[in-house]
Amino acid sequence: DPSRLCLEGTHMSVLNTIFEWLDASATTVPSIFWLEGLAGIGKTTIANTASKYCVDREKRVVFFSFAHGTHDSRLLFTTLAFQLAQYHTALRNEVIRAYKGEGILQSPPDVQFRNLILAPLDAVQNLFSPTLVVI
């Protein structure tokens, strides 16, 4: 949806920084790019634009954005795990195995992160290049 992207020529400084980070070697840049700022300055639009940049370059990307006024962290890792499961059958099988775990959907976010994201990625790490972008 083009209405969810940065207007051409806007946010270029931060977008160029993000694009350089995305295109850099995984060994030369930090693993995490933290985008922060006051409400209403365009973080979601910038994240949407960065996500499109990844998709256009066939980079694996998963995306989550809290809707304005809602911050239900219980959806964060379940949504990201679902998206990760789309990339490879082996990864999908690991995510499904994690979902079948006792009470994972009611677990605190740190447990969901370990079981739904870290454990499946660790289990299949030899199948992928080191680049996976989470927005």
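The model is predicted, so local features need pLDDT of at least 70 and side-chain atom pairs count only at pLDDT 80 or more, while totals for chains, interfaces and linings use all residues. Residues are numbered from 1 along each chain as its sequence is written, and side-chain values use heavy atoms, with hydrogens and water left out.

**Exercise 1. Describe the secondary structure and burial of the protein chain.**

Step 1. The protein chain contains five helices and two strands.

Step 2. Along the sequence, these elements follow the pattern α-α-β-α-α-α-β.

Step 3. Of the 135 residues in the protein chain, 28% are buried.

Step 4. Consider contacts between residues at least 6 apart in sequence: 59% of them join residues at least 24 apart.

**Exercise 2. Describe how helix H1 and H2 pack.**

Step 1. H1 comprises residues 12-23, and H2 comprises residues 43-56.

Step 2. The two helices pack at an angle of about 35°, and their axes are 11 Å apart. Axes are lines fitted to C-alpha atoms, for helices over the stretch in contact, and angles run from 0 to 180 degrees between N-to-C directions.

Step 3. The crossing of H1 and H2 is right-handed. A crossing is right-handed if the near helix is turned clockwise from the far one by less than a right angle, and left-handed if anticlockwise.

Step 4. H1 contributes Val-14, Leu-15, Ile-18, Phe-19, Leu-22 and Asp-23 to the contact, and H2 contributes Ile-46, Thr-49, Ala-50, Tyr-53 and Cys-54.

**Exercise 3. Is Asn-48 buried or exposed, and what does the residue contact?**

Step 1. Asn-48 is found in helix H2.

Step 2. Asn-48 counts as buried because its relative accessibility is 12%.

Step 3. Apart from neighbours within four places in sequence, Asn-48 is in contact with Arg-4, Leu-5 and Phe-63.

**Exercise 4. Describe the nonpolar cores and the position of Tyr-99.**

Step 1. The largest nonpolar core has 16 residues. A nonpolar core is a set of buried Ala, Val, Leu, Ile, Met, Phe, Trp, Tyr and Cys residues joined through side-chain atoms within 4.5 Å. Among the residues with the most contacts inside this core are Leu-76, Phe-77 and Leu-80.

Step 2. Helix H3 (76-84), helix H4 (89-99) and helix H5 (109-123) each give two or more residues to this core. Its largest share, five residues, comes from H3.

Step 3. A second, separate core has 11 residues, including Cys-6, Leu-22, Ala-50 and Val-61. In soluble globular proteins, nonpolar side chains tend to be buried together.

Step 4. Tyr-99 is found in helix H4 and counts as partly exposed because its relative accessibility is 29%.

Step 5. Beyond neighbours within four places in sequence, Tyr-99 is in contact with several residues, including Ala-81, Phe-82 and Leu-116. The C-alpha atoms of Tyr-99 and Ala-81 are separated by 9.2 Å, and the two residues are 18 apart along the chain.

**Exercise 5. Where does Lys-59 lie, and which residues does Lys-59 touch?**

Step 1. Lys-59 lies in the loop between H2 and strand E1 (61-62).

Step 2. Lys-59 is partly exposed because its relative accessible area is 21%.

Step 3. Not counting residues up to four places away in sequence, Lys-59 touches Leu-22, Asp-23 and Cys-54.

Step 4. Lys-59 and Leu-22 are 37 residues apart in sequence, and their C-alpha atoms are 9.1 Å apart in space.

Conventions: Helix = DSSP H or I, 4+ residues; strand = E, 2+ residues; numbered from the N terminus. Buried < 20%, exposed > 50% of the residue type's maximum accessible area, 1.4 Å probe, protein only. Contact = heavy atoms within 4.5 Å.
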